[in-house]
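Good morning, and thank you for the time.

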Amino acid sequence: MEYRRFAMGALWTNAYLLWDAEGVAVLVDPGGDPSEALGFAEEKGLEIEWILLTHGHGDHIGGLDEARKRSRKGVAIHHADATMLTSPEENLSRWMGSPVKSGAADKVLEDGEIFWAGSIEVRVIHTPGHTAGSSCFLLRDGAKELLVSGDTLFARSVGRTDLPGGSETELKSSLVKLAALADTLPVLPGHGPETNLGREKKENPYWP
């Protein structure tokens, strides 16, 4: 499994393109103009199977409709955030000055659900706190494993809990849930630099 990060939108949201040895890919959180990521996928001969959304805020779905055109199976998001895709009020983009309204999800996810994109196993870990439906994706391809954490966990920080649907108590519980994973697990967050779980357990001031 290989991956590449693309910064998208006004808030420099981290979108990730991840793919297996056969060129089957997933695109995570296309938060703005996805043309660079889509161009890279075309250049590498990658076929995007799914678009995965860690949550439904406008800065993570701004390029969704354009990216969806290149996805074989469409868009997947946890059921608790699914209505945010079609509502600029719920996804908060109305208040950011650039309303985002997308089509409905093609797949609504549940905690613990496992599905595949080529040889990449995608496991859904529901981690509410930033939003009610925030989720991390544990991706495994052979011996390689990584966590796409969205706005649940950043390098030495966490996502905001003071927005609608947020909860500091739930976020702390979500971090405890992630603590069961390996310390060596690489973490690809929704904003900022990459990290790993062990480093966050030791250095993140928000870790419970």
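I begin with a charge placed over a ring: K107 lies over the face of F115, at 5.2 Å from the ring centre. The criterion here is NZ of Lys or CZ of Arg within 6 Å of the ring centre and within 35 degrees of the ring normal.

Two remarks on the basis of these values. This is a predicted model, in which local features need pLDDT of at least 70 and side-chain atom pairs count only at pLDDT 80 or more, while totals for chains, interfaces and linings use all residues. Residues are numbered from 1 along each chain as its sequence is written, and side-chain values use heavy atoms, with hydrogens and water left out.

Next, the aromatic pairs. Rings of Phe, Tyr and Trp (for Trp, the six-membered ring) pair if their centres lie within 6.5 Å; planes under 30 degrees apart count as stacked, over 60 as edge-to-face and the rest as tilted. The count by this rule is three. W19 and F40 make a tilted pair, with 5.6 Å between centres and 55° between planes. W19 belongs to strand β2 (residues 13-19) and F40 to helix α1 (residues 35-44), so the pair ties together parts 21 residues apart in sequence. Helices (H or I, at least four residues) and strands (E, at least two) are DSSP runs, numbered from the N terminus. W19 is buried at 6% relative accessible area, and F40 is buried at 13%; buried means under 20%, exposed over 50%, and partly exposed in between, with a 1.4 Å probe and protein chains only. Together with F6, these two residues form one aromatic cluster.

I turn to the sheet. It is open, has six strands in the order β7-β8-β9-β10-β13-β14, and shows mixed pairing. Its edge strands, β7 (114-117) and β14 (195-196), each pair on one side only; two strands pair if DSSP finds at least two bridges between them. Strands β9 (residues 135-141) and β10 (residues 144-150) run antiparallel and are joined by five bridges, and L139 has L146 in β10 as its bridge partner.

What covers the buried residues of helix α4? The cover includes β8 (120-126), β9, β10, β11 (153-154), β12 (157-158) and α5 (197-203), where contact means heavy atoms within 4.5 Å. The buried residues themselves are L171, S174, L175 and L178. They fall within an arc of 100° seen down the axis, so they line one face of α4; the arc is that of the directions from the helix axis to the C-beta atoms. The face turned away from this buried side carries the exposed residues T169 and V176. E170, also in α4 (residues 168-178), is partly exposed at 36% and touches P128 and G129, not counting residues up to four places away in sequence.

Finally, the salt bridges. A search of the whole structure finds 15, each being a side-chain nitrogen of Lys or Arg within 4 Å of a carboxyl oxygen of Asp or Glu. In one of them, E49 meets K73, with the closest N and O atoms 3.2 Å apart. E49 lies in strand β4 (residues 47-52) and K73 in the loop between α3 (64-68) and β5 (75-78), so this pair ties together parts 24 residues apart in sequence. E49 is buried at 8%, whereas K73 is partly exposed at 42%. Both take part in a salt-bridge network that links E47, E49, R72 and K73.
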